[in-house]
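Hello,

Here is the structure for the handover. Notes on what was found in it follow below.

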Amino acid sequence: MAPENESVFYLDSYTRGRVTQLNVSDFATLGALLELENISMNSAVIMFKDKNGNAKSVEANTSIEEGDTIDVQNASNKSGN
């Protein structure tokens, strides 16, 4: 768990295999997160939602904010791809 003064978001990624709580301060943008996780936007299906469950833009420069949820799936595992 993060200290109380840290803002957190949640990552569910095929590279980690489970939902992980991460500090917003460690990842400024979606692109920074994907780079550190060694995930290419071209080979992943990404669902990015804010703390209220509203869809956020899936762009490299989209800011990660407290309570966001990011679900990253391997595109090759999706049927029809």
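Contacts and overall layout

Of the contacts in the protein chain with a separation of 6 or more, 47% are between residues 24 or more positions apart, a contact being heavy atoms within 4.5 Å. This is a predicted model, in which local features need pLDDT of at least 70 and side-chain atom pairs count only at pLDDT 80 or more, while totals for chains, interfaces and linings use all residues. Residues are numbered from 1 along each chain as its sequence is written, and side-chain values use heavy atoms, with hydrogens and water left out.

The protein chain has 1 helix and 4 strands, in the order β-β-α-β-β from the N terminus. Helices (H or I, at least four residues) and strands (E, at least two) are DSSP runs, numbered from the N terminus.

Of the 81 residues in the protein chain, 35% are buried. Buried means under 20% relative accessible area, exposed over 50%, and partly exposed in between (1.4 Å probe, protein chains only).

Strand β3 covers residues 44-49, and its side chains alternate. β3 runs antiparallel to β4 (residues 69-74), with 6 bridges joining them; two strands pair if DSSP finds at least two bridges between them. The bridge partner of I46 in β4 is V72.

Salt bridges

There are 3 salt bridges in the structure, each defined as a side-chain nitrogen of Lys or Arg within 4 Å of a carboxyl oxygen of Asp or Glu.

One of them joins E37 and R16, with the closest N and O atoms 2.6 Å apart. E37 is in the loop between α1 (30-36) and β3, and R16 is in the loop between β1 (8-13) and β2 (19-23), so the pair ties together parts that are 21 residues apart in sequence. E37 counts as buried at 16% relative accessibility, whereas R16, at 31%, counts as partly exposed.

K56 forms a salt bridge with D68 (2.7 Å, N to O). K56 and D68 both lie in the loop between β3 and β4, 12 residues apart, and both are buried. For K56 the relative accessible area is 17%.

K56 also forms a salt bridge with E65, where the closest N and O atoms are 3.6 Å apart. E65 counts as partly exposed, at 45% relative accessibility.

Regards
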